[in-house]
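Please examine the sequence and the structure shown here before reading the numbered points that follow.

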Amino acid sequence: MMKYWARITRSNYRNIKEKSIEVFFSAISITALLILIGIFVFLFITGIQAFSETSPAEFFLGNDWNPSAYTTPRYGTLGLVTGTLMVTLGSLIIAIPLGIMSAVYLSEIASPKVREIVKPVIEMIASIPSVVLGLIGILFLSPLIAGIFGLSSGLNAFTSSIIVGIMVLPTIISISEDVLTSLPQEFREASLALGATRWQMIKMTLLPAALSGIIASIMLGLGRAVGETMAVLMVAGNSRAMPRSFFDPIRPMTANIAIEIKEVVKGSLHYEALFAIGLVLFVMTFLVNFISDIIIERQVGRFKW
Amino acid sequence: MVNDHLKQEIYFMSFRLATFLSVAILLLILVYVFKEGVGVIDMKFLTSMWSHRDITSGGIFPAIMGTVFLALGVSIISIPTGICTAIYLNEYAKDTLLTRIIKLAVRNLAGVPSVVYGLFGLSLFVVFLKLGTSLFAASLTLGCMTLPWIITTSEEALKAVPVSFREGSYALGATKWQTIKAVVLPHSLGGILTGSILGISRAMGETAPIIMVGATFFMGYLPNSPFDKFMALPYHLFILATQHSSPHAREYALGTALVLITLVFILNSGVFAIRYTLRRKKEW
């Protein structure tokens, strides 16, 4: 009888231990969710207060951002948003063709040996800190651009598009390459058996099949371009005026937050307005990531063999 | 037919060029930073305190140590949390609504701009929890930022352990936790380690968040508690490049950039070495 009870308690003890370990892990895994909610809540609480003194219409549609004006401070973000959109668009125009072509080369054309060497090198580009790329932009690229186009300063939307394009490139290459590599071998064999050249196989079979995955890689790159801070802070020229061309200096939303947040009084309207910009950025990137997530999920489900 | 092959050659050649252009960009950056920055690097530059008045008489020692302390702080915070989350998601979690929401949160956190993490850290850690602008607040902020990367790569590593390994362990009478501890973790440790190192090396180069939560340009001493401010390499080179009036600021910024890139690349090449040896060892 004693022996029987001892066994029961031992297995109970074991069960309790197993159960509590599981509870411990599940409790910790909630951290990620709490952080996401926390980001939204803390940005929202502070950011929303900005609208007690400035109207949403002025905030979203006004193009004059001048919080330290002596007479009437202005909190219009349209110029900043335009700056962000210009850099994002410009960087994607550079990174999309280069990225997709490199992905096709690595996955379909390059010999395994070349791929083995080039892939880590591309990953290395992703690990260069953005502040270093910004430094290259200031010291090397912007004088070059100013010289080529005969501008007084090379710190403008065009130069920052190139720098951000370089930063986005590895994201587009590595995800597109993954998608292409994951396509079933049968696609390639069937296409070649019908007499297609390898280029026709890539163009007519592989690229259409990988299209949604490639789009998702572009969306993720877009998210990175929108959120990029240091490089644009250093290279974009920091002008608050509404930009008219790609050769105008601009100030994207991220750069504006990073420049001004150190100088503002905590709790002032200016401080709250910067949080409101942060909230807009958060919502923008959240939507972009959410949509690309759905696209990737579909792509993965499409060709399960 | 000849035409088709010619076309193919032209396309393939342009693809090859695109790839080599991408590689060339990296090499160009490295060569430029090395060539322009290596001149200022000597023992004094690496090991002496920063001198504000005459920058040529001081070094970047406190900035190097600040970045190292920060990397350690971030590791302590995000690596254990990330690994535990990955274990839960991959080993325990059933496909419930909560699990899906957590996975969604992890993927979305990875896409939140670093400057937004900075605002979050400023309002939660610095102001609300009253930690002040400090090494501790910066470690927590960057810890939140690296967490999703570490979770994602650890999950991949756990997934790569074949199910048959777990079944073998269960068949021998092991419990779930015993299986994880004795079978799953040892076999995924390499992947978890490489993912974590990559995450930390990216955090070391981050600048925007630490501007807001604790980095400072000038400090005559090393931080002597987690509640001190600190100097950091990326912020240091940012100020040198944009706001410093000394005629030597340019080469000192490049020298600092070279030190930062070298630190990051040392960590990265460690990762490649681990990956390479692991691939040779795995035979399943």
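Domain bounds come from an automatic or database domain assignment. The model is predicted: local features need pLDDT of at least 70, side-chain atom pairs count only at pLDDT 80 or more, and totals for chains, interfaces and linings use all residues. Residues are numbered from 1 along each chain as its sequence is written, while chains are lettered from A and ligands numbered from 1 in the order in which they are written.

1. Chain B consists of domain 1 (2-39) and domain 2 (43-281). Taken over C-alpha atoms, the centres of domain 1 of chain B and domain 2 of chain B are 31 Å apart. Six residues from domain 1 of chain B and six residues from domain 2 of chain B form the contact (C-beta atoms, placed from the backbone, within 7 Å).

2. Between the chains, 71 residues of chain B are in contact with 69 residues of chain A. Helix 1 (residues 2-37) of chain B supplies the largest share of the chain B side, 19 residues; helices are DSSP runs (H or I, at least four residues), numbered from the N terminus.

3. Helix 5 (residues 114-128) of chain B packs against helix 6 (residues 135-159) of chain B at an angle of about 135 degrees, their axes lying 9 Å apart. Axes are lines fitted to C-alpha atoms over the stretch in contact, and angles run from 0 to 180 degrees between N-to-C directions. Helix 5 of chain B and helix 6 of chain B are therefore oblique to each other (angles under 35 degrees count as roughly parallel, over 145 as roughly antiparallel, 65 to 115 as roughly perpendicular and the rest as oblique).

4. Among the residues of helix 5 of chain B that meet helix 6 of chain B are B:Y117 and B:F125; those of helix 6 of chain B include B:L140 and B:M145.

Methods: Contact = placed C-beta atoms within 7 Å. Helix = DSSP H or I, 4+ residues; strand = E, 2+ residues; numbered from the N terminus.
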